Amino acid sequence: MLLNATLTVRRGKANSHHGQGWEDLTNEIVRVIAAKREPVAFLLWSRSAQRKRGLIGEWHIVVESTHPSPLSARRSSSGTPPFIGSRPFSGANTALRERGASPIDWSLRSTD
């Protein structure tokens, strides 16, 4: 499941709908998923996503990096590793295996 902290935006205006109520909905979605007892991998890409860290239990896997957008994929001013080269998918799978859980098949393929 891919979930942005804010679900809509004005064309060409990043974060333009921040603070309009979407965060309440996405926080609740994260809380419901985080209530699971088996480990879940959360990939928090961007400061907006990383603010949700406090909603996630310690038994889950959290991988943080910048957002993979062209504007931030290669750089980071927040101290968070840049997205390019951060290997979030393999990092999540390594952590899942270490906890005895099955890794995720991240490949893109048709389910037809």
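Just after helix 3, Gly-100 takes a positive phi of about 80°. Helices (H or I, at least four residues) and strands (E, at least two) are DSSP runs, numbered from the N terminus. This is a predicted model, in which local features need pLDDT of at least 70 and side-chain atom pairs count only at pLDDT 80 or more, while totals for chains, interfaces and linings use all residues. Residues are numbered from 1 along each chain as its sequence is written, and side-chain values use heavy atoms, with hydrogens and water left out.

**Helix 3**

- Helix 3 spans residues 88–98, and its buried residues are Pro-88, Ala-92, Asn-93, Ala-95 and Leu-96. Buried means under 20% relative accessible area, exposed over 50%, and partly exposed in between (1.4 Å probe, protein chains only).
- These residues lie on the same side of helix 3, because they cover an arc of only 165° around the axis. The arc is that of the directions from the helix axis to the C-beta atoms.
- Strand 1 (41–45) and strand 2 (61–65) are the elements against which the buried residues of helix 3 pack.

**Nonpolar cores**

- The largest nonpolar core has seven residues in all: Val-30, Ala-34, Val-40, Phe-42, Leu-44, Ala-49 and Ile-56. A nonpolar core is a set of buried Ala, Val, Leu, Ile, Met, Phe, Trp, Tyr and Cys residues joined through side-chain atoms within 4.5 Å.
- Helix 1 (22–34) and strand 1 each supply at least two residues of this core.
- Another core, of six residues, lies apart from it and includes Val-63, Ala-92, Ala-95 and Leu-96.
- In soluble globular proteins, nonpolar side chains tend to be buried together.
- Ile-56 is in contact (heavy atoms within 4.5 Å) with Val-30, Ala-34, Phe-42, Leu-44 and Val-62, leaving aside its neighbours within four places in sequence.

- Gln-50 is found in helix 2 and counts as buried, at 15% relative accessibility.
- A polar atom of the Gln-50 side chain lies 3.3 Å from the backbone oxygen of Leu-44.
- Gly-57 is found in the loop between helix 2 (47–50) and strand 2. Its relative accessibility is 14%, so Gly-57 counts as buried.
- Although Gly-57 and Ala-35 are 22 residues apart in sequence, they are 7.7 Å apart in space, C-alpha to C-alpha.

**Aromatic rings**

- A search of the whole structure finds two aromatic pairs. Rings of Phe, Tyr and Trp (its six-membered ring) pair if their centres lie within 6.5 Å; planes under 30 degrees apart count as stacked, over 60 as edge-to-face and the rest as tilted.
- Trp-45 and Phe-89 form an edge-to-face pair, 5.9 Å centre to centre with 85° between the planes. This pair links distant parts of the chain, since Trp-45 is in strand 1 and Phe-89 in helix 3, 44 residues apart.
- Trp-45 is buried, with a relative accessible area of 18%, whereas Phe-89 counts as partly exposed at 33% relative accessibility.
- Phe-89 and Trp-106 form a tilted pair, 4.6 Å centre to centre with 55° between the planes. Phe-89 lies in helix 3 and Trp-106 in the segment after helix 3, so the pair ties together parts that are 17 residues apart in sequence.
- Trp-106 counts as partly exposed, at 34% relative accessibility.
- Ring pairs link Trp-45, Phe-89 and Trp-106 into a cluster.

Notes:
Polar contact = N/O pair within 3.5 Å; in protein donor to acceptor, adjacent residues only side chain to side chain.
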